[in-house]
Amino acid sequence: MRISNHPVLENTAGDEIEFTFDGKKYLAKQGETIAAALLAHNIRILRYSMKEKRPRGIYCGIGHCYECRVLLDGQVSVRACLTRVRDNMTIVSEREDSNEF
């Protein structure tokens, strides 16, 4: 499930790095997006809608829809499909109970 060759992004077959998502540690390839790294670990839900509490994840994959928003090292509403994963970053799913919208 890892995206290793992308027509727009550079090759993401780099060294392995570690990041945390919702308190659990995962490995990613240097240069890939947060969304790609999470998909590689079969993580599809990145947040829940505010109004109806429905699960949201990657939809457009190019930054237009904002469905893949996450909390990144305390920064609110970071688009996972556009942001490259870095070693030791802390990512948290956006949810109403986090008070982080």
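# Close-up views of a predicted single-chain model

**View 1. The open sheet has five strands.** Five strands, in the order E2-E1-E7-E5-E6, form an open sheet with mixed pairing. Strands (E, at least two residues) and helices (H or I, at least four) are DSSP runs, numbered from the N terminus. Two strands pair if DSSP finds at least two bridges between them. E2 and strand E6 (75–79) stand at the edges with a single partner strand each, so one side of each has no neighbour in the sheet. From one strand to the next, the twist averages 40°; axes are lines fitted to C-alpha atoms, for helices over the stretch in contact, and angles run from 0 to 180 degrees between N-to-C directions. This is a predicted model, in which local features need pLDDT of at least 70 and side-chain atom pairs count only at pLDDT 80 or more, while totals for chains, interfaces and linings use all residues. Residues are numbered from 1 along each chain as its sequence is written, and side-chain values use heavy atoms, with hydrogens and water left out.

**View 2. The whole chain has one helix and seven strands.** Along the sequence the pattern is β-β-α-β-β-β-β-β. Of the 101 residues in the chain, 36% are buried. Buried means under 20% relative accessible area, exposed means over 50%, and partly exposed lies in between (1.4 Å probe, protein chains only). The chain exposes about 6,200 Å², of which carbon and sulfur atoms supply 47%; accessible areas come from the Shrake-Rupley method with a 1.4 Å probe, and for residues only the protein chains shown count as cover. Among contacts between residues at least 6 apart in sequence, 43% join residues at least 24 apart. A contact means heavy atoms within 4.5 Å.

**View 3. E1 and E2 form a hairpin.** These two strands run antiparallel and are joined by six bridges. Phe19 stands opposite Tyr26 in E2, and Phe21 stands opposite Lys24 in E2. Two residues lie between the strands of the hairpin, and Asp22 takes a positive phi near 50°.

**View 4. E1 also pairs with E7.** Here the strands run parallel, with two bridges between them. Thr20 stands opposite Thr90 in E7. Strands of a sheet pair through backbone hydrogen bonds, either parallel or antiparallel.

**View 5. E5 and E6 form a second hairpin view.** E5 and E6 pair in the antiparallel sense over three bridges. Leu72 stands opposite Gln75 in E6. The hairpin has two residues between its strands. Asp73 lies in the loop between E5 and E6. Its phi is near 50°, a positive value in a residue other than glycine. Asp73 counts as partly exposed because its relative accessibility is 45%.

**View 6. The largest nonpolar core has 20 residues.** A nonpolar core is a set of buried Ala, Val, Leu, Ile, Met, Phe, Trp, Tyr and Cys residues joined through side-chain atoms within 4.5 Å. Phe19, Phe21, Ile34, Leu46 and Ile91 touch the most other members. Strand E1 (16–21), strand E2 (24–29), helix H1 (34–40) and strand E5 (69–72) each supply at least two residues of this core. H1 gives the largest share, four residues. In soluble globular proteins, nonpolar side chains tend to be buried together.

View 7. Ser93 lies in strand E7 and counts as buried, at 6% relative accessibility.

**View 8. The side chain of Glu94 reaches the backbone of Ser77.** Glu94 is found in the segment after strand E7 (90–93). Glu94 is buried, with a relative accessible area of 1%. Its side chain reaches the backbone nitrogen of Ser77 at 2.7 Å. This is a polar contact, a pair of N or O atoms within 3.5 Å; within protein, one must be able to donate a hydrogen and the other to accept it, and residues adjacent in sequence count only if both atoms are side-chain atoms. Ser77 lies in strand E6 and is partly exposed, with a relative accessible area of 32%. Ser77 has a positive phi of about 60° although it is not a glycine.
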